[in-house]
Amino acid sequence: MDWVSIGGRIRRQREFLGYTREHFAELLDVTPKFCSDIELGVKGMSVQTLCRISEVLRLSTDFILFGRENANEHKKRIALTSDSFFVSTPKGEMDQISPQ
């Protein structure tokens with residue numbers, strides 16, 4: 001496993017969603033230090049923690065682990081923000097769609 005890349009994907013999405021590390025840790029029921037260790041690739045995580053991260057960050061576990069979506073999953077994921085929609089493409093890119 002490439003823990004540094006995994007941690008980077010987690011951190012980018014956490015920051016994209018506007019979560020502080022402390023708030024993210026609260027949502028996961030772990031310490032901020034453990035979140036930091038995951039994001040830096042210092043530590044791995046249990047399957048339970050991976051699933052919780054996936055749920056909180058609205059990312060597939062495939063994307064978190066491998067940087068790509070599973071072919072059987074939806075082609076696009078939509079995250080609603082206050083000003084616009086962001087669409088995550090299968091390549092992991094984020095496209096912004098403004099409301100009309």
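Tutor: Arg58 is partly exposed, because its relative accessible area is 37%. Buried means under 20%, exposed over 50%, and partly exposed lies in between (1.4 Å probe, protein chains only). This is a predicted model, where local features need pLDDT of at least 70, side-chain atom pairs count only at pLDDT 80 or more, and totals for chains, interfaces and linings use all residues. Residues are numbered from 1 along each chain as its sequence is written, and side-chain values use heavy atoms, without hydrogens and water.

Arg58 sits in the loop between helix H4 (47-57) and helix H5 (61-66). Helices here are DSSP runs (H or I, at least four residues), numbered from the N terminus. Phi of Arg58 is positive, about 60°, although Arg58 is not a glycine. Most residues other than glycine have a negative phi.

The axes of H4 and H2 come within 10 Å and cross at roughly 120°. Axes are lines fitted to C-alpha atoms over the stretch in contact, and angles run from 0 to 180 degrees between N-to-C directions. So H2 is oblique to H4. Oblique is what remains after roughly parallel (under 35 degrees), roughly antiparallel (over 145) and roughly perpendicular (65 to 115).

Which residues meet? Phe24, Leu27 and Leu28 in H2 meet Arg52, Ile53, Val56 and Leu57 in H4. Contact means heavy atoms within 4.5 Å.

Asp29 counts as exposed, at 72% relative accessibility.

How values were computed. Helices (H or I, at least four residues) and strands (E, at least two) are DSSP runs, numbered from the N terminus.
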